[in-house]
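Dear colleague,

Please find below the structure that I am handing over to you, with its sequence. My findings follow directly after it.

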Amino acid sequence: MSRLITIMTIIFSLNVHSKIILIDPGHGGLEKGAIGKNVKINGVTTNVFEKDISFLMAQKVKEKLSKKHQVYLTRSFDRTLSLEGRAELAQKLGADIFVSIHANSSESSKSHGFETYYLDNNDNEAVKKVVRLENSEGTHKLESDYSENPMIHQILSELVVGQTVPLSKKLGNSIHQSIKKGIESKHDMKDRGLKPGLFFVLAMSKVPGVLLEMGFISNSGEAKKIHDDKFIDDYSSAVSDGIDAFLRK
Ligand SMILES: [Zn+2]
């Protein structure tokens with residue numbers, strides 16, 4: 001009898017607190033994302049792709065969050081998927097939140113650190129540059145700049161009124177603080193901060209969303225670091241805890 005009560009309690013609590021989370025491994029298939037050249041992994045020097053490390057990390061986050069919530073990935077294998085396709089999935093699933101996972105890239109091989117973007121409009125040129133980079137994937141590669149797109153600005157103004165944008169900031173803050181706590185000193189990584197960004201994939205998904213840049217794949221030392229099993233385990237735990245903390249509030 002007590003066992004039955006335990007099972008009933010678990011089912012009841014899952015129904016009450018369980019949320020639908022969509023985790024988006026950046027890029028995929030023909031879209032390799034950023035490339036890390038000559039990275040030494042397990043004694044072998046090789047080139048690494050953002051699409052692969054983002055997928056590895058997304059799978060780990062899903063594994064950890066699935067204990068408490070319904071978690072889906074936008075892609076469950078290495079395939080090309082447009083930004084529209086990713087955003088549509090959030091709508092179809094009725095997702096409560098959307099989290100897109102990426103690795104950063106810079107012309108300077110010295111750039112390093114982790115950062116978190118939440119959906120918002122902004123005028124910061126440096127932020128715009130990163131936004132452009134992450135917006136130039138899928139079917140609209142090179143021909144569109146979403147940060148200048150009036151339709152996106154219209155959608156965004158509706159999302160501000162509908163609380164999606166303010167909630168994105170709260171979600172971003174919760175995840176970023178958790179990453180800072182679990183990663184900054186333990187893995188000796190720079191905190192580049194929580195920043196606003198106008199991302200097509202986040203605006204179109206119309207749910208509170210953030211985009212994570214784990215670290216710089218263009219920096220061979222940091223690329224090696226973010227491929228380390230311990231880093232993947234710690235970072236995915238931090239993201240999972242940050243999402244869970246947000247959903248509990
Ligand atoms: Zn990316």
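**Findings from the predicted model**

With a relative accessibility of 36%, S157 counts as partly exposed, because the value falls between the 20% limit for buried and the 50% limit for exposed residues. Please note that the model is a predicted one. S157 is located in helix α5, which covers residues 150-161. Its C-alpha atom lies 9.5 Å from that of D120, although 37 residues separate S157 and D120 along the chain.

**Overall composition**

The protein has 249 residues, of which 49% count as buried. Its secondary structure consists of nine helices and eight strands.

In soluble globular proteins, nonpolar side chains tend to be buried together. In this model the largest nonpolar core has 38 residues, and I23 and I243 are the members that touch the most others. Helix α9, residues 229-248, supplies the largest share of this core, with eight residues.

Beyond its neighbours within four places in sequence, I243 is in contact with I21, I23, L65, I97, V99, L171 and I175.

Helix α9 contains 20 residues, and the distance from its first C-alpha to its last is 28 Å, close to the 28 Å expected at 1.5 Å a residue. Its N-terminal end is capped by D228, which places a side-chain oxygen 3.0 Å from the backbone nitrogen of K230.

Helix α2 comprises 16 residues, 50-65, and should therefore span 22 Å at 1.5 Å a residue; the C-alpha atoms at its ends are 22 Å apart, in agreement with that expectation. An α-helix has 3.6 residues a turn, so residues three or four places apart point the same way. The buried residues of α2 are E50, K51, I53, S54, F55, M57, A58, V61, K64 and L65.

**Strands β1 and β4**

Strand β1 (residues 20-25) and strand β4 run parallel and are joined by four bridges. L22 has Y72 of β4 as its bridge partner. In a regular strand the side chains alternate between the two faces of the sheet. In β4, which covers residues 70-73, V71 and L73 form the covered face, whereas Q70 and Y72 form the uncovered one.

Is E115 buried or exposed? E115 counts as buried, because its relative accessibility is 2%. The residue sits in strand β6, residues 114-119. Its side chain makes a polar contact of 2.7 Å with the side chain of N104. Another polar contact, of 3.0 Å, joins the side chain of E115 to that of R192. When neighbours within four places in sequence are set aside, the residues in contact with E115 are N104, H176, R192, G193, K195, L211, L212 and E213.

**Aromatic pairs**

A search of the whole structure returns two aromatic pairs. One of them is formed by Y117 and F199, with 5.4 Å between the ring centres and 75 degrees between the planes, an edge-to-face arrangement. Y117 belongs to strand β6 and F199 to the loop between β7 and α7 (200-205), so this pair ties together parts that are 82 residues apart in sequence. Y117 and F199 are both buried.

**Backbone points to note**

N42 is not a glycine, yet has a positive phi of about 50 degrees. N42 is found in the loop between β2 (35-41) and β3 (44-49), and its relative accessibility of 76% means that N42 counts as exposed.

D188, which is not a glycine either, has a positive phi of about 50 degrees. The position of D188 is in the loop between α6 (164-184) and β7 (191-197). D188 counts as exposed, because its relative accessibility is 64%.

With kind regards

Definitions and conventions
Residues are numbered from 1 along each chain as its sequence is written. This is a predicted model: local features need pLDDT of at least 70, side-chain atom pairs count only at pLDDT 80 or more; totals for chains, interfaces and linings use all residues. Side-chain values use heavy atoms; hydrogens and water are left out. Helices (H or I, at least four residues) and strands (E, at least two) are DSSP runs, numbered from the N terminus. Buried means under 20% relative accessible area, exposed over 50%, partly exposed in between (1.4 Å probe, protein chains only). A polar contact is a pair of N or O atoms within 3.5 Å; within protein, one must be able to donate a hydrogen and the other to accept it, and residues adjacent in sequence count only if both atoms are side-chain atoms. Contact means heavy atoms within 4.5 Å. A nonpolar core is a set of buried Ala, Val, Leu, Ile, Met, Phe, Trp, Tyr and Cys residues joined through side-chain atoms within 4.5 Å. The expected span of a helix is 1.5 Å times one less than its number of residues. Two strands pair if DSSP finds at least two bridges between them. Rings of Phe, Tyr and Trp (its six-membered ring) pair if their centres lie within 6.5 Å; planes under 30 degrees apart count as stacked, over 60 as edge-to-face and the rest as tilted.
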